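The following exercises concern the structure shown below.

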Amino acid sequence: MLKDITIGQFFPGTSPIHRMDSRVKLLLTIAFIVMLFLAGNIYSLCVGVAFTILIYVISRIPFRMILKSLKPIMPIIIFTSILNLFFVRSGDVYWEWKFIKITSEGVNTAVFMSIRIICLIIGSSLLTYTTSPIDLTDGLERLLSPLKKIKVPVHELAMMMTIALRFIPTLIEETDKIMSAQKARGADMETGSVFKRAKALIPILIPLFVSSFRRAEELALAMECRCYHGGEGRTRMKQLKMHLVDLIGALVVAAFIAGVVVVNRLVSQGAAV
Amino acid sequence: MSVIKTENLSFVYGEGTPFRKVAVDNVDLEIGEGEFIGVIGHTGSGKSTLIQHFNGLLKPTSGSVYIDGERLWDDKARLRAIRFKVGLVFQYPEYQLFEETCYKDIAFGPRNMGLSEEEIDKRVRETARLIGISDAMLEKSPFELSGGQKRRVAIAGVMAMEPKVLILDEPASGLDPKGRAKILGLIREYHKEKKNTVMLVSHSMEDVAKHCSKILVMNNAKVFCYDTPVNVFRRAQELESMGLAVPQVTRVFNRLRAMGCAVDDEVYTVGFGKELIMKALAGRRAEP
């Protein structure tokens with residue numbers, strides 16, 4: 001049950017996308033988001049969809065991972081679709097009942113928005129599927145390093161993020177274990193009122209907190225033993241380097257963005273004519 | 001009648017993913033009432049997964065588990081009742097302590113059973129006495145105690161439910177030799193006094209050999225053998241080939257036999273070994 005959470009879940013592989021530099025991937029993800037928002041109509045959005053499909057095919061991430069990443073945002077998609085469906089009032093009227101009116105525009109916007117959100121989520125999840133958390137924070141640290149000049153503790157933030165990501169699976173495992181242990185003592189977490197169920201969480205949360213603090217202390221000690229003293233003068237074992245693959249990736253994204261812009265133009269011209 | 005019975009029990013982790021792993025493979029077992037059973041097997045042999053089936057924490061992928069003749073998972077609502085019948089103490093149980101005082105923590109299980117305050121009090125105090133927790137300690141926070149004491153409080157928390165079967169997963173791991181001996185001694189004491197079935201999962205052949213009436217050896221998700229210690233340790237070579245050591249004293253006597261000394265091969269406790277040596281020495285002295 002708890003193992004279904006996919007935040008920061010890395011799916012190891014050797015595809016070109018896996019091999020790309022994490023900094024480039026981060027920037028390209030932002031470019032991808034821009035691309036989706038540039039798409040002004042359903043045709044140019046199709047270019048974005050094509051891009052999303054393309055990167056998934058290249059990365060060889062299994063299809064069910066996509067479904068998994070979509071599951072938690074399904075309510076949002078449904079909610080925005082319904083809003084658009086009922087509140088966009090222009091266009092041909094398909095169906096009318098009292099104050100409810102469903103129009104062609106409404107249907108179009110609902111579909112358009114849903115596709116955009118879905119692409120947004122699954123496209124940007126690919127970043128975490130194909131980049132190990134360590135690489136990701138490394139890339140982030142490098143990208144944000146100019147901010148050090150204005151006293152933003154970039155290294156510390158990146159380190160905190162690395163540690164947090166690293167400990168998510170550990171904490172999940174720990175929670176599973178404690179839950180089993182308390183269940184074995186007859187703790188009942190599945191039935192009863194909301195209040196009762198919240199109370200039933202105490203035997204799980206307290207040991208979890210205690211062990212998190214213990215872990216944090218041990219980790220801090222271990223880091224100090226290895227002379228960790230922050231980012232100052234710290235070198236890396238794995239230097240980030242750009243390769244041909246990164247250049248190709250950037251060019252492909254640029255091509256698709258150009259594609260979106262061109263299709264936008266063409267359609268608006270077509271509409272004008 | 002057997003208190004635990006399994007039929008073709010199998011459990012697979014991560015079915016349908018690249019991480020698929022068979023953890024328990026077609027296990028048929030029958031465990032009699034009042035026995036003291038040692039479960040051994042090296043890491044990943046499936047022993048921890050197997051024992052989690054006995055109180056319905058894991059659902060078998062196929063096959064079935066019977067507790068007291070009742071098939072688990074036929075009625076999910078009965079699982080909680082089963083968990084009171086089969087008490088499971090996890091590895092490092094002290095990490096599950098959460099109450100303000102040891103007393104309250106030990107009372108957590110019995111309270112979940114819906115017992116009266118009187119009965120809860122009786123059980124907590126009795127278990128505490130049995131496992132060597134003083135009244136003063138009962139009023140302390142479990143986080144103030146030493147590692148060994150915490151461990152005992154946590155074990156008491158399960159014992160206080162007075163389960164028909166008590167299963168302990170490596171109850172002595174991570175403790176110093178003195179703490180080990182104390183915990184294992186107390187568990188033995190508990191078995192003697194309550195006459196309940198006890199299952200002890202362990203890595204240490206010595207511990208298992210010393211205390212158990214029967215030994216279950218797991219290897220590669222399967223039951224390698226389930227027999228009395230004498231019969232199990234007779235297969236020393238096979239055990240060693242799967243990475244399990246027989247008790248040191250058994251190894252010494254096996255070597256002695258290989259060197260030509262006439263010794264029984266059923267030596268698996270130091271006490272018995274000593275007796276044999278003394279006897280042999282006495283015999284030699286009488287000879288000339």
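**Exercise 1.** How many salt bridges does the rule count over all chains?

*Solution.* The model is predicted, so local features need pLDDT of at least 70 and side-chain atom pairs count only at pLDDT 80 or more, whereas totals for chains, interfaces and linings use all residues. Residues are numbered from 1 along each chain as its sequence is written, chains are lettered from A and ligands numbered from 1 in the order in which they are written, and side-chain values use heavy atoms, with hydrogens and water left out.

Step 1. Apply the rule: a salt bridge is a side-chain nitrogen of Lys or Arg within 4 Å of a carboxyl oxygen of Asp or Glu. 
Step 2. Over all chains, the count is 23 salt bridges. 
Step 3. One of them joins Arg123(B) to Glu162(B), with the closest N and O atoms 3.6 Å apart. 
Step 4. Arg123(B) belongs to helix H4 (residues 117-130) of chain B and Glu162(B) to the loop between H6 and strand E7 (165-169) of chain B, so this pair ties together parts that are 39 residues apart in sequence. Helices (H or I, at least four residues) and strands (E, at least two) are DSSP runs, numbered from the N terminus.

**Exercise 2.** Describe the interface of chain B and chain A.

*Solution.* 
Step 1. Taking contact as heavy atoms within 4.5 Å, 22 residues of chain B touch 17 residues of chain A. 
Step 2. The buried area (accessible area, 1.4 Å probe, that two parts lose on being put together, summed over both) is about 1,700 Å², and carbon and sulfur atoms give 63% of this. 
Step 3. Of the area that chain B buries against chain A, 32% comes from Tyr95(B), Gln96(B) and Phe98(B), more than from any other three residues. 
Step 4. The rule finds one salt bridge across this interface. Asp105(B) pairs with Arg185(A), the closest N and O atoms being 3.0 Å apart.

**Exercise 3.** Determine how H6(B) and H7(B) are oriented towards each other.

*Solution.* 
Step 1. Helix H6 (residues 147-159) and helix H7 (residues 177-194) of chain B pack at an angle of about 20°, their axes 11 Å apart. Axes are lines fitted to C-alpha atoms, for helices over the stretch in contact, and angles run from 0 to 180 degrees between N-to-C directions. 
Step 2. H6(B) and H7(B) are therefore roughly parallel, the class for angles under 35 degrees. 
Step 3. Residues in this contact include Ile155(B) of H6(B) and Leu186(B) of H7(B).

Notes:
Parallel < 35°, antiparallel > 145°, perpendicular 65-115°, else oblique.
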